[in-house]
Amino acid sequence: MEKKVPDNIEGIFKNKEEYLMWFSEALSVIRGKSKKRNSISSLVPEYVEIDFNGSVKAPRLYFPKDRPDTVIVQLPIVKNNPRAKGLVREHKLPVYSTVKGRIEVAIADEFAIRFKLLSKTLNKDRSKNN
């Protein structure tokens, strides 16, 4: 029988404080600052590169296989004039420079939920064995 995961976050955490506790733990694990031994900090890219690409139709994230520590934000650029391209780059760069932080937060959010669900499962298993 497969365990059902609650559809909403309220079905997992009692309140905001409990969620923030699990989120903080997940973030410390991701950043390699957890007191626990195993770290998954390598899952979050350390570097962000911005690539202005004429062939992409919409902004997208690209994770190169040969550089797992890097995420590339590819932005469409249709301007032919070098000055116009420069203006677009100057305008878009600050907007996308925060992408690493957003990826980190999204991963921590997912891990907070998984850590909480895993702790419930482990506690149930331990109580059955005792």
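**Chatting through a predicted fold**

Q: How many helices and strands are in the protein chain?
A: The protein chain has 3 helices and 3 strands, where helices are DSSP runs of H or I with at least four residues and strands are E runs of at least two, numbered from the N terminus. This is a predicted model, in which local features need pLDDT of at least 70, side-chain atom pairs count only at pLDDT 80 or more, and totals for chains, interfaces and linings use all residues. Residues are numbered from 1 along each chain as its sequence is written, and side-chain values use heavy atoms, leaving out hydrogens and water.

Q: Thanks! In what order do the elements run?
A: From the N terminus on, they go α-β-β-β-α-α.

Q: Switching to Ser28: which helix is it in, and is it buried or exposed?
A: Ser28 sits in helix α1, residues 16-30. Ser28 is buried, with a relative accessible area of 17% (buried is under 20%, exposed over 50%, partly exposed in between, using a 1.4 Å probe and protein chains only).

Q: And what lies 2.8 Å from a polar atom of its side chain?
A: That's the backbone oxygen of Glu25.

Q: New topic: how many aromatic pairs does a search of the whole structure find?
A: It finds 3; rings of Phe, Tyr and Trp (its six-membered ring) pair if their centres lie within 6.5 Å, with planes under 30 degrees apart stacked, over 60 edge-to-face and the rest tilted. One of them is Phe13 with Tyr19, edge-to-face at 5.2 Å centre to centre and 75 degrees between the planes.

Q: Are those two buried or exposed?
A: Phe13 and Tyr19 are both buried.

Q: Which residues do ring pairs link into a cluster?
A: Phe13, Tyr19 and Phe23.

Definitions and conventions
A polar contact is a pair of N or O atoms within 3.5 Å; within protein, one must be able to donate a hydrogen and the other to accept it, and residues adjacent in sequence count only if both atoms are side-chain atoms.
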